[in-house]
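I'm jotting down what I look up, one topic at a time.

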Amino acid sequence: MLDIFKNDAFSVTSLTDFINSLKYRPGRIGEMGLFNPSSITTTSIAIERVGDILQLVKPTPRGGPGETRDMPKRTMLNLSVPHFQRDWAVMADQVQGVRAKGSESELETVQQVVGETISAQTSDMDLTEEHARLGAVTGIVTYADGSTLNLFSAFGVTEETEVDFDLDNASPADGALRKACVSVIRKMKAKLGAVPFASIHAFVGDTFFDQLLQHKEVRDTYKGWSDAQILRESYTGPNRSANPMFEFGGIVWENYGEIDGEGVGIAATKARFFPMGVPGLFRTYHAPADYIETVNTLGERLYAKQWPMPNDKGINGELQMNALQICTRPGALMGARNT
């Protein structure tokens, strides 16, 4: 029975092609296409950084020497690509009745069993990827083992202090909410310097979003507009998604609350801001698997491999992902709290 697994259909290449052709179950960040994926042949990346400094040119006497600009120094940052692995197995009894010299249909039967076993693991990999990408959007990537990648520390930048939106104030000052929005926009423009951006997006926790939606300034803004449906449906505009969403104060606010039991989402009273339309801001690096067959090859998103159990009791296998999710300008990432 196990001889059938020596078929090319169960090689590392074939299984990897199969796993990467499965329907991807993207989270919200995957749907937005924020991250630009790159395949690398190593297990770490080196990022050369050159400070982005804007300076005004001072007037100098005609015919005299000009001023000399201080050029930013180059620094090198090395980051390792984390390894994620999930083991699986197909027991001999699961393919009972399928023999090595069977027809193509019998081979397809075994492929189906293996495929169902592998695909059952992919949801966890998809969730792991979404979780890491959300961490990169907030500036701190937290992995399931409790380890973290603090992008602010890694890039040597200071995280901006959270903006207090004072949403639970029963009698807010007139225009205070828009003033807070403008504060976020100005700070982000200052952090990005000469780098242009299209808009500012916010992932928002449940309590923060509800209080923002109920805020007098927001309600007064939309009353009488064709978009007044926001008061009923809690989202509007061209960027519709499964998450409630609306635009106010030059910022697109999207409710991305924590999902029970999965550890993915923004804390209830928090919001995280990031610029849209900045080339190369968010990057995904895929490294090769730790197999002889994949050494020095360009990394794939997922890999799958199988090998026989002792005494031919079945087939052991594994699914792995080697991916690093980062923000290349973490200084532009900002946060807010409801009070």
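I started with Phe203, which counts as buried because its relative accessibility is 0%. Buried means under 20% relative accessible area, exposed over 50%, and partly exposed in between, with a 1.4 Å probe and protein chains only.

Ground rules before going on. This is a predicted model, where local features need pLDDT of at least 70 and side-chain atom pairs count only at pLDDT 80 or more, while totals for chains, interfaces and linings use all residues. Residues are numbered from 1 along each chain as its sequence is written, and side-chain values use heavy atoms, leaving out hydrogens and water.

**Rings.** I searched the whole structure and got 12 aromatic pairs. Rings of Phe, Tyr and Trp (its six-membered ring) pair if their centres lie within 6.5 Å; planes under 30 degrees apart count as stacked, over 60 as edge-to-face and the rest as tilted. Phe35 and Phe282 make a tilted pair, because their centres are 5.1 Å apart and their planes stand at 35°. Phe35 sits in strand E1 (residues 35-39) and Phe282 in strand E12 (residues 282-286), so this pair ties together parts 247 residues apart in sequence. Strands (E, at least two residues) and helices (H or I, at least four) are DSSP runs, numbered from the N terminus. Both Phe35 and Phe282 are buried.

Back to Phe203: with Tyr256 it forms an edge-to-face pair, 5.0 Å centre to centre and 70° between the planes. Phe203 lies in strand E8 and Tyr256 in the loop between E10 and E11, so parts 53 residues apart in sequence are tied together. Tyr256 is buried too, at 7% relative accessibility. I also noted that ring pairs link Phe35, Phe203, Tyr256, Phe274 and Phe282 into a cluster.

**Sheet.** Which order do the strands take in the open sheet? I read off E7-E15-E11-E8-E10-E9, 6 strands with mixed pairing. Two strands pair if DSSP finds at least two bridges between them. E7 (163-164) and E9 (245-248) are the edge strands, each pairing on one side only. E11 (residues 270-276) and E15 (residues 334-337) run antiparallel, joined by 4 bridges. Ala271 stands opposite Ala336 in E15.

**Helix H1.** In H1 (residues 12-21) I found Val12, Leu15, Thr16 and Ile19 buried. Down the axis of H1, these fall within an arc of 100° (taken from the directions from the helix axis to the C-beta atoms), so they line one face. The face turned away from that buried side carries the exposed Thr13 and Ser21.

**Cysteines.** I counted 0 disulfides, a disulfide being a pair of cysteine sulfur atoms within 2.5 Å. Cys181 is buried at 0% relative accessible area.
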